[in-house]
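Look at the sequence and the fold together before reading on.

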Amino acid sequence: MPYPMHILLNDFAIRSFRETADKDYVAARMAYRARLIQPFLWSSLHCLEKYIKGILVLNRVKTQNMGHSVLPGIERMKQHGKFELDLSVDTVQFIKKLEEYGAEYRYYEVSYETQPFDVIRFDRAVWELRRYCQPLDYDIIDLSGKTVNFLAIELERIHQAKANHEKGTCIMGGFLEDIIKKKDHPAREALIWNNLFFGPSRRKRVKMQSRWESGSSPFFLHPQIIDEVLKYAYIPGKIAEGVRQFARQKAAEEVKAERDAKKAARATAKQSGKKD
């Protein structure tokens with residue numbers, strides 16, 4: 001007997017979005033631990049993007065034209081979904097920073113910056129968002145033959161678990177849960193390393209070096225190269241135009257600085273002539 005279409009669609013959302021997001025989550029933590037910050041930012045954004053797309057599909061909200069973004073999906077769920085996602089201010093700010101600093105770009109088109117302990121902010125974001133990436137709106141038939149919808153019950157369950165700061169995200173049999181359960185899984189160490197939100201440890205704090213890192217894009221350092229680069233490589237249009245504007249601004253500032261320097265030199269020479 002074939003499965004109903006709604007079950008198959010839910011299976012697609014879980015396997016194509018949640019499970020691949022789980023893998024991006026582990027990969028991002030591995031990159032952070034190895035101090036590979038750009039891959040960490042890239043994988044973090046893709047991870048959270050896939051979770052929100054999975055949530056939207058599970059609740060039959062369209063995901064088209066979202067690109068590599070998260071906040072528009074959260075807003076779509078708020079406007080068109082069956083419930084609103086309960087996310088902390090810290091999580092929303094972390095996602096906003098990922099999007100504003102251009103984590104979607106892989107080729108150093110934009111500069112980047114991280115704050116100390118960003119991996120913990122990322123862990124919290126996954127912990128808060130992933131709990132919604134499971135079927136929550138479904139009906140069962142009780143012993144009296146009455147149809148009961150479980151959405152409100154499921155939401156109360158996951159919100160209560162979050163309020164109690166329980167490890168994990170109330171998902172049974174997910175990819176992350178399998179990694180944690182299997183002590184010989186090759187990804188397990190990367191997942192539970194200094195992780196306050198996933199894993200078997202009951203610790204409430206971790207010891208971690210405070211690291212801050214930033215990097216300047218070649219286009220920030222030398223914006224005048226943009227049109228020459230475009231002869232040989234693809235650069236998104238909005239990035240290219242932004243670099244051109246920055247190049248014009250920088251050139252104008254250099255002209256002004258040179259003019260001001262000459263003016264100051266003339267004034268100095270004139271003042272020196274008076275003294276003589």
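Predicted model: local features only at pLDDT ≥ 70, side-chain atom pairs only at ≥ 80, totals over all residues.

Residues are numbered from 1 along each chain as its sequence is written, and side-chain values use heavy atoms, with hydrogens and water left out.

Start with the whole protein. Its secondary structure comes to 11 helices and four strands; helices (H or I, at least four residues) and strands (E, at least two) are DSSP runs, numbered from the N terminus. The C-alpha trace spans about 110 × 40 × 35 Å along its principal axes. The radius of gyration is 25 Å, whereas a compact globule of 276 residues would have one near 19 Å. That radius is taken over C-alpha atoms, and the globule rule is 2.2 Å times the number of residues to the power 0.38.

Of the 276 residues, 40% count as buried. Buried means under 20% relative accessible area, exposed means over 50%, and partly exposed lies in between (1.4 Å probe, protein chains only). Among contacts with a separation of 6 or more, 64% join residues 24 or more positions apart; a contact means heavy atoms within 4.5 Å.

Now turn to helix α5, residues 118–130. Its 13 residues reach 18 Å from first C-alpha to last, close to the 18 Å expected at 1.5 Å a residue. The expected span is 1.5 Å times one less than the number of residues.

How much of α5 is covered? Mostly, it is: 10 of its 13 residues are buried. Among them are Asp118, Val119, Phe122, Trp127 and Arg130. The cover over the buried residues of α5 includes the helices α1 (5–33), α2 (37–58), α4 (89–100), α6 (151–163) and α7 (175–181), together with the strand β1 (112–114).

The loop between α6 and α7 holds His165 and also Cys170. For His165, phi is near 55°, a positive value in a residue other than glycine. Cys170 likewise is not a glycine, and its phi is positive at about 60°. Cys170 counts as buried because its relative accessibility is 18%.
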